[in-house]
Protein chains: 2
Amino acid sequence: MQLGIGDDAAVIAAPDGRVVATTDLLVEGRHFRTDWSSPQDIGAKAAAQNLADVAAMGAAPVALLLGLALPGSTDAGWVLRVVEGLATECGRAGATVAGGDVTAADQVMLAITALGDLAGRAPVTRSGARPGDRLALAGRLGWSAAGLALLAAGRRPEGGSLAGLVAAHQRPSPRYQSGVEAAIAGASSMIDISDGLVQDLRHVAEASGVQLELATALLPGAGPLQDAAALLGTDWRGWMLAGGEDHALAGTFPAGAVLPGSWREIGAVRAGRGVLVDGAEYAGAGGWEHFR
Amino acid sequence: MQLGIGDDAAVIAAPDGRVVATTDLLVEGRHFRTDWSSPQDIGAKAAAQNLADVAAMGAAPVALLLGLALPGSTDAGWVLRVVEGLATECGRAGATVAGGDVTAADQVMLAITALGDLAGRAPVTRSGARPGDRLALAGRLGWSAAGLALLAAGRRPEGGSLAGLVAAHQRPSPRYQSGVEAAIAGASSMIDISDGLVQDLRHVAEASGVQLELATALLPGAGPLQDAAALLGTDWRGWMLAGGEDHALAGTFPAGAVLPGSWREIGAVRAGRGVLVDGAEYAGAGGWEHFR
């Protein structure tokens, strides 16, 4: 950042000559609940959601701008803790908070814009997957959905693997660096998994004009998800295939590419359309619907 | 713009190697009223407010991102007309709509981020005014405030100069190019007048450590303002000195600089602190408070 908060606008370094930009709104009651998440968690989650979109283009996050709408009754300390969480997550991603705006509203809302730098590389879009490519994943799946299910069932585990699920819902921890690593490794397409694996892979399949075939045996270990599913009497596969908000990255790589260490192969790209799970259409839930 | 809506993020040209970025929230009932402004006007005003901040840095607006929060009952046609107004104002400024996000909320809210390009020039900040500089203005003052006063009094003039005031409130028309022209002419400081002339000049005086002296005789002609003030039995000077949302630009220029054609001298920079109006402290209203 070259010039920050306190003028009409910020001036942010964009040495590449292009800037990656994305914006998202988070609304109280829909994207977060103040009784389930600390203000730091709310800020961190809002930042993570946008920084992950930057990473999914193969860019390094650089800066973030925050618009904050608040009821007049909002405690100033609460606001500072939201900003603290936001700044902490920015730090984890290598970005700085470059500007912001605060206004009164009936409902708490965070409007985030994240900017990133491609360092001379081509952006990795959703449309570059080709038949014969390998389908791969960086990050966790279903943890946030399982944590939300525990909270919704009134379970607040104090420790152990279940507490990790709740923590994952409260504050996702995307591997931002995996996006840059994928771009360097020659990924042909990439997407941030925010609405659920199958749902988001459909976007890649459609944009690329290909079929993506997932092999569930290749997905990451489901240990804590299985524990939570047993406790709640539900199916953990739904969380893994359709749970949102973990902000894992999914990408495709040409057959000859070497997958970076944080990536694992989870399937393949074929000629055709749509997404297959173990060779069949996925009949589970559609996209992630947040709370409602 | 190099890559637009439909991927995880947009990729926007930043040939300068830096990008100017600013963000603002506009909330229904506070920043706009759907019964006083058309959806096109609401979109245009939201865009103008942010694009003017970019111009006030001496940058050319390049791109805009829109976050839109809407009650579930919102008419889709209304939303399209908001976006139409936003895109039209972007076009007037030379910028494109590069990305966006839509979510449900209890209240209509627009979150705008505008990006701009400095084309190799230094940004023109609020802190560069020096004693001996000339104080200058590009654009109209008080028109939006007078238009709002007419609307609040239940007056909706059908034509003539008063209708122009209401139109100015509904849709400001900043002179974006004046910002770039000022930077090229060597402006030492610049600010977007969004909260009222005196109020915003105080920011420049404070950031620069100087006193700004305004001469009201040098301000732009008040014809329509005088007509509206006579009709409403009020003082037009308050609108001109404290009215917000016209998004004129105020700047300071070294004594030897040639003012660009769209700029007029309105005062001078002295050693000292604060803002003087015709040699005295301004006793009128403080900052612009929107509706409440």
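**Two chains, one predicted model**

Reader: How many bridges join strand 1 of chain A to strand 2 of chain B?
Author: The model is predicted. Strand 1 of chain A covers residues 10-13. It runs antiparallel to strand 2 of chain B, and the bridges joining them number four.

Reader: Which residue in strand 2 of chain B does Ile12(A) stand opposite?
Author: Strand 2 of chain B is joined by bridges to strand 1 of chain A. In strand 2 of chain B, the residue opposite Ile12(A) is Val19(B).

Reader: What rotation superposes chain B on chain A?
Author: The shift along the axis is 0.0 Å, and the RMSD is 0.0 Å. The rotation is 180°. The two copies are thus related as by a two-fold rotation axis.

Reader: Which residue of chain B has the C-alpha nearest the axis?
Author: That C-alpha lies 2.4 Å from the axis. It belongs to Gly17(B).

Reader: What percentage of the contact residues of chain B recur in chain A?
Author: Contact involves 47 residues of chain B and 47 residues of chain A. The same surface serves both copies. The share that recurs is 100%.

Reader: Which element of chain B gives the most to the side that touches chain A?
Author: Several elements give two or more residues to this side, among them helix 1 (39-55), strand 3 (60-70) and strand 5 (109-117) of chain B. The most, nine residues, comes from strand 2 of chain B.

Reader: How many residues on the side of chain B that touches chain A are nonpolar?
Author: By class, this side of chain B has ten charged and eleven polar residues. Its nonpolar residues number 26.

Key: Residues numbered from 1 in each chain as written. Chains lettered and ligands numbered in written order. Predicted model: local features only at pLDDT ≥ 70, side-chain atom pairs only at ≥ 80, totals over all residues. Least-squares fit on C-alpha atoms with pLDDT ≥ 70 in both. Contact = placed C-beta atoms within 7 Å. Nonpolar A, V, L, I, M, F, W, Y, C, P; charged D, E, K, R; others polar. Pairing = 2+ DSSP bridges.
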